[in-house]
Each structure stands twice: as C-alpha cells, then as structure tokens.
Amino acid sequence: MKSFLLSCTCFVFFCFSGNAQSHTIRINQLGYHPMAIKQFVVASPHTAVDFKVVHDGVPIYEGVLGDVQEWNLAGEKVRLGEFTAVEAEGTYTIEIEGLEASHPFKISPRVYDEVLPASVRAYYYLRSGTALKEEHAGKWHRNGGHSDLKVSYHRSLQRKGTIDAPRGWYDAGDYGKYTVNGAFTAGQLLMMHERFPEVLGDGSLGIPESGNGISDLLDEVKYETDWLLTMQDDDGGVFHKLTCDRFVGMVLPEEAQCERFVMAKGTGGSLDFAAVMAKVYRAYHTIDSAYAEQCLTAAKKAWAWAKTHPNVAFKNPKGVITGEYGDTDFSEEWFWAASELYKATEEMEYLEYIKKQDITFEYSYGDGWRKFMKYLGIFSLLSDDSQIPESLREQLKNGIVSLADVLLDKSKTLDYQQAVDSYQWGSNSDIQNTAVIMAEAYRLQPKEAYIFGVQSALDYLLGKNAVGYSFLTGFGSKSPMHIHHRPSAGDGIEAPVPGYVVGGPNFDRQDRNQVTYPEGVAPMQAWKDVMPSFASNEICINWNSPLPFLIAFYTSSLEQR
Ligand code: 9MR
C-alpha cells in the first residue's frame with residue numbers, strides 16, 4: 001500500500017511539473033552568505049506546506065511555505081519559502097515531504113570566493129591567437145588559432161593591403177572579434193576595477209601575466225584593448241569587426257579554418273572605442289604611462305573621426321552572416337564616449353556635449369551592447385572624483401536612484417523577483433545589468449533593499465530560476481553541459497569550459513528551426529541545455545562582464561553594513 005501511494009505521489013508530481021528538465025525546489029545552488037536573505041521557490045507545489053532545513057541529516061530549522069502564487073512569465077504555480085534566520089556555516093538541503101530534496105547548498109561568507117575569479121578567468125579561455133598552456137588552463141589547455149596577422153580588408157571595402165590585428169578575445173561561441181562588443185565588455189570590466197581596485201589583484205587569476213605586479217583583471221582586459229588598438233585606421237575611424245563571412249563548424253580554434261577579414265568602419269564602434277580607450281588611459285596612467293597616452297590619443301582620434309562621420313551605420317556586407325552588432329541610433333555611444341573623455345581629460349568640449357543632452361533614465365531590455373553604455377558613462381561621471389557641475393551630479397544621481405527604485409518595485413511583483421519583464425536574447429545580462437543599476441544606486445544612496453536586489457539577481461543566475469539550473473558553467477549541482485561554444489563542443493572534454501554565464505531564456509527562440517521547445521513554453525522557460533541553441537545557450541563576453549562587479553559589490557556591501 002505504501003509503495004502504491006508513493007508511486008501515485010510521483011505520478012502527480014510529474015504530471016504537474018512545469019518543466020520536465022527542472023528540479024522542483026529552486027535555490028541558489030552555491031548557497032548564501034550568512035547575512036543574506038535566504039529564499040527559495042517550490043514550483044508545481046502540491047499540498048505539503050512545511051519545509052525543513054537539514055544539516056547532516058538533522059533538521060535544524062522548520063518553516064511554512066507561503067500561499068500558492070501563479071507566475072505567468074515563469075509559467076508555474078509556486079510557493080516561496082524563507083530561512084533567513086539560519087546563519088550558521090555549513091552545508092544544507094531543503095526538504096519537503098513528497099518532493100526530492102533540494103540540491104545541497106552552503107551557508108558561508110566565502111560562498112562566492114571561487115566564482116568571482118572564475119567569471120574573469122573565463123576571458124582568458126577566450127584568448128585568440130595564443131595557445132592556452134596546461135599550467136593556466138588546466139584540462140582545457142589547447143593550441144592557438146587565428147594569429148590575425150596580415151588580415152585582408154573585406155572585398156566590400158575595395159581596399160588593397162592588410163592589417164595586423166592579433167590578440168583579443170573571441171566574442172562568444174563563435175570565433176569573431178567585434179569592436180562594439182569588445183569595447184563595451186572591456187568597459188564594464190574596467191568599471192569593476194575602478195570600483196574595486198583591490199579585488200582580482202596580481203596573481204588572482206593564474207594567467208600568464210600573473211606575477212608582473214599588475215592587477216590580473218587589468219592584464220586580462222589589456223589582452224582585448226591591445227587588439228582594439230589595432231583596429232583603428234590611420235584616419236581615426238575604427239573597423240567594426242574581424243570575422244569570416246560565415247560561421248565555421250563546432251571545432252577548436254586551430255581547426256576553424258576560414259578566411260578572416262577586417263570589415264568597414266562605423267560610428268558606433270568608433271565611439272565605443274573612444275570611450276573604452278579613455279577608460280584604459282585612466283586605469284593605466286600610473287602603471288604604464290606610455291600605454292595610457294597611446295590609448296588617450298587613440299580615443300581622441302576616434303572621437304574626431306565620429307564628429308566628421310556622425311551617421312555611419314555598419315551593415316553586414318552582402319554574403320556576410322557573422323554577427324552584425326548593428327545600430328542606427330548612436331546617442332548612447334556619443335554619451336558614453338563624451339563622458340569617458342571628459343573624465344579622462346576634463347576638457348570642456350566633452351562636458352558641453354553632455355550638458356546639451358536630454359538624459360533619460362529608463363532600462364531597455366535586450367541588446368545591452370547598444371543600450372546600456374550610456375549608464376557606463378553616467379557611472380563614470382558619478383565617481384567621487386569627477387569634476388562635474390553640482391546640478392549635473394544631482395540630475396544624474398536622482399536619475400539613477402529613481403531608476404533603481406523603479407526596478408526594485410518591478411522586481412517585487414515580477415516572477416523570481418527579477419526586474420525583467422521581457423526575456424530576450426542574452427536575458428541573463430538584463431538580469432545582471434538591472435542589478436548593476438541597483439548597485440550603483442546604493443553607492444549614491446545606501447538603501448539596504450538595493451543590496452538584496454543584487455542578491456536576487458545572483459540567486460537567479462545560480463539556480464533560483466524557472467528551469468532550476470545554475471546558468472554559470474562549472475558552478476552549482478546542475479549547470480549547463482552543452483553550451484553553444486566552439487571550444488567546449490570541439491575539445492572532447494565532457495565538462496564545458498568553466499565560468500561562463502549562458503545567454504538564458506529567450507522567448508524569441510531564433511533557433512527554433514534546430515531546437516525543439518515545448519508547445520506553449522513560458523518566457524522564463526525558453527532555454528535549453530543543448531549545443532545547437534545559439535539563442536539561449538551560447539556564451540558571450542558581454543554576458544559575463546557584469547558578474548564580477550555584482551559579486552564584489554554584494555559581498556563587500558553586505559559585510560560593511
Ligand atoms: O548578443 C547579441 C544579441 O543582442 C543580438 O540580438 C543577436 C542577433 O544580432 O546577436 C547577439 O550577439 C551575437 C553576435 O552577433 C555574434 N557572436 C555571438 C553573439 C551572441 O549570440
């Protein structure tokens with residue numbers, strides 16, 4: 001009789017489970033800082049309402065789940081549970097009668113210690129034009145590919161000659177190098193360095209430059225900015241990308257053979273370049289003044305080029321289908337470049353430009369690489385040492401704080417307590433970038449709720465989400481194994497390269513020709529751990545770049561309260 005009842009329970013559970021691939025108790029699979037607000041979600045709940053927090057087989061805390069809620073974005077009925085009162089360090093599970101126990105998780109102040117460096121080491125694994133040695137890359141060591149020396153101009157440019165454009169990171173699961181996204185990503189990582197210069201210091205990443213006396217974060221970013229510098233033409237304009245015409249098969253860099261070209265210059269890429277080079281100048285002027293000056297000169301030249309070419313939108317030439325990173329409205333890029341150039345030089349031209357702008361504060365979902373850079377500019381202007389008029393500082397500060405409040409309010413009513421109501425390509429970067437706004441708002445107005453807004457985003461990324469996976473490769477009990485990433489697919493190693501945030505749920509499902517999504521899938525469940533899913537399970541440099549900043553912010557502000 002007992003076993004009959006048991007099988008009935010299982011039958012009922014599976015029938016009502018929203019997503020067969022997911023675990024029912026959704027929790028941050030790494031765990032929680034002792035001072036965290038500790039919540040979990042039970043999806044497809046049955047009648048049980050009591051839960052236990054169990055340590056070494058012994059229940060140490062008992063609680064009652066909240067009422068059933070119906071979540072439409074997640075496509076689930078859920079109950080929430082909370083055990084914030086449990087603060088003792090240790091490894092725990094959540095247990096609910098009739099359900100499989102949760103994944104084990106830790107309570108510890110060190111819970112993010114490994115994730116933070118891993119999220120930046122991930123860039124090392126994307127280095128183009130160099131072999132990754134075993135001493136740095138472990139089992140993911142590999143030969144180099146794509147030296148990118150003597151690269152021809154694309155036939156669409158009708159220009160003879162070649163350029164040398166070595167170094168730089170591969171953009172994503174593909175082997176292209178794109179100026180817009182490279183500059184944006186390096187900019188976001190440099191912001192991390194500006195806010196937390198002590199974190200990720202020399203030797204923290206175990207990369208070839210470790211031990212040179214310079215922050216490993218800066219060393220890694222320089223691998224990208226060295227490449228970006230090579231993409232500037234003599235007239236100051238910056239070539240938009242270096243890719244093949246088409247994508248190659250899912251193979252390692254050394255096997256990925258197709259001719260690579262440098263493609264046209266554009267206003268957007270040139271302004272992003274100007275912005276990030278001005279940022280590099282600031283990061284490097286006390287470390288390597290010659291490099292810093294080279295970057296600032298390059299930034300000014302790119303700005304000057306954009307002024308004489310204010311509307312050059314890049315479009316993939318005929319026959320080219322690699323990423324476009326296209327844009328036609330460059331207002332965000334102008335703002336970012338002007339802000340960084342002003343911060344670097346304090347020259348009035350840039351401030352005058354900024355003062356003339358009608359600055360609006362809203363969050364646009366999707367395509368952060370063209371919609372979020374204005375905020376990077378605002379954050380730079382709002383740094384304590386910026387020389388900006390008090391009225392501008394007040395305007396920017398009030399704008400960021402009210403936007404953070406709007407996002408925080410949104411997150412209180414939206415599924416999985418996220419400030420995201422539109423799940424698009426790279427939704428995991430929207431989860432993070434909305435949290436970046438809250439983190440910066442905290443600096444301006446230290447309201448505790450912002451810290452927990454950031455935590456909520458981290459919890460989501462690490463497993464408290466509608467598919468029950470940690471979205472970070474190599475971290476958590478259940479994380480993506482089949483990412484759309486050529487080295488991971490082609491290296492014959494079961495585990496993917498670690499430290500990557502996958503794109504995440506994408507309701508547009510641009511890959512639905514090759515990936516089967518369940519009929520009527522909900523937006524937050526439109527994700528599949530299958531290699532062909534380029535629209536939900538790819539990795540990309542700009543989806544990792546908010547993560548180290550968020551972790552550094554979260555752990556330091558929680559502890560300094
Ligand atoms: O992240 C980009 C996303 O915002 C766009 O909607 C999408 C289609 O243009 O492209 C994404 O970027 C891809 C780039 O074009 C090529 N390398 C892989 C990137 C991640 O999928």
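**View A. Cys295, a buried cysteine.** Cys295 is buried, and its relative accessible area is 0%. Buried means under 20% relative accessible area, exposed means over 50%, and partly exposed lies in between (1.4 Å probe, protein chains only). The model is a predicted one: local features need pLDDT of at least 70, side-chain atom pairs count only at pLDDT 80 or more, and totals for chains, interfaces and linings use all residues. Residues are numbered from 1 along each chain as its sequence is written, and side-chain values use heavy atoms, with hydrogens and water left out.

**View B. The disulfide of Cys244 and Cys258.** A disulfide is a pair of cysteine sulfur atoms within 2.5 Å. By this rule the count is 1 disulfide. Cys244 and Cys258 form it, with sulfur atoms 2.0 Å apart. The angle about the S-S bond is 85°, and the link is right-handed. Both Cys244 and Cys258 sit in the loop between β13 (241-243) and β14 (261-262), 14 residues apart. Helices (H or I, at least four residues) and strands (E, at least two) are DSSP runs, numbered from the N terminus. Cys244 is buried at 7% relative accessible area. Cys258 is partly exposed at 31%.

View C. Cys540 counts as buried, at 5% relative accessibility.

View D. Helix α8 covers residues 331-345, 15 residues in total. The expected span of a helix is 1.5 Å times one less than its number of residues. For α8 that gives 21 Å, and the end C-alpha atoms are 21 Å apart, which agrees. Of its 15 residues, 14 are buried, so α8 is largely enclosed by the rest of the structure.

**View E. Asp148, a positive phi in a loop.** Asp148 is not a glycine, yet its phi is positive, at about 55°. It lies in the loop between α3 (134-137) and β10 (151-153). Is Asp148 buried or exposed? Asp148 is buried, with 5% relative accessible area.

**View F. Leu200, another residue other than glycine with positive phi.** The phi of Leu200 is near 65°. Leu200 is placed in the loop between α4 (179-195) and α5 (216-230). Leu200 counts as buried, at 6% relative accessibility.
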